[in-house]
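Please work through the following exercises with the sequence and the model at hand. Each task is followed by a solution in steps.

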Amino acid sequence: MIPLLDSIKELSFLAILISSMVYRRHLKLTKWKRKLTIGEWTMYIATSTALPVYAVLYFAFLLGTK
């Protein structure tokens, strides 16, 4: 049961990561067309910082477990 839950957790993290990348791309394209609202700027900055931080931490976690 536990390995199944771990697999589901990994799949959910992957889905969140992919959707965050798609949403950041959408905001970047919107920024070229018009000015972003305050909420859109907040999400743009949050996803622009969270995605690289998550990638570095995930890579460090993978190196630490081997």
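The exercises below go from the overall form to single pairs of side chains.

This is a predicted model, in which local features need pLDDT of at least 70, side-chain atom pairs count only at pLDDT 80 or more, and totals for chains, interfaces and linings use all residues. Residues are numbered from 1 along each chain as its sequence is written, and side-chain values use heavy atoms, with hydrogens and water left out.

**Exercise 1. Overall form**

Determine the secondary structure of the protein and set its radius of gyration against that of a compact globule.

Step 1. The protein has 2 helices and 0 strands; helices (H or I, at least four residues) and strands (E, at least two) are DSSP runs, numbered from the N terminus.

Step 2. The radius of gyration, taken over C-alpha atoms, is compared with a globule rule of 2.2 Å times the number of residues to the power 0.38. For 66 residues a compact globule would come near 11 Å, but the protein has 15 Å.

Step 3. Along the principal axes, the C-alpha atoms fill a box of roughly 50 × 25 × 15 Å.

Step 4. Of the 66 residues, 11% are buried, where buried means under 20% relative accessible area, exposed over 50%, and partly exposed in between (1.4 Å probe, protein chains only).

**Exercise 2. Aromatic pairs**

Step 1. Rings of Phe, Tyr and Trp (its six-membered ring) pair if their centres lie within 6.5 Å; planes under 30 degrees apart count as stacked, over 60 as edge-to-face and the rest as tilted.

Step 2. Tryptophan 41 is partly exposed at 36% relative accessible area, whereas tyrosine 44 is buried at 10%.

Step 3. Tyrosine 54 and tyrosine 58 form a stacked pair, with 5.9 Å from centre to centre and 20 degrees between the planes. They also belong to helix H2, 4 residues apart, about one turn of the helix. Tyrosine 54 is partly exposed at 31% relative accessibility, and tyrosine 58 is partly exposed at 33%.

**Exercise 3. The salt bridge**

How many salt bridges does a search of the whole structure find?

Step 1. A salt bridge is a side-chain nitrogen of Lys or Arg within 4 Å of a carboxyl oxygen of Asp or Glu.

Step 2. The search finds 1 salt bridge. The side chains of arginine 34 and glutamate 40 form it, at 2.9 Å from N to O.

Step 3. Arginine 34 is partly exposed, at 41% relative accessibility, while glutamate 40 is buried, at 17%.
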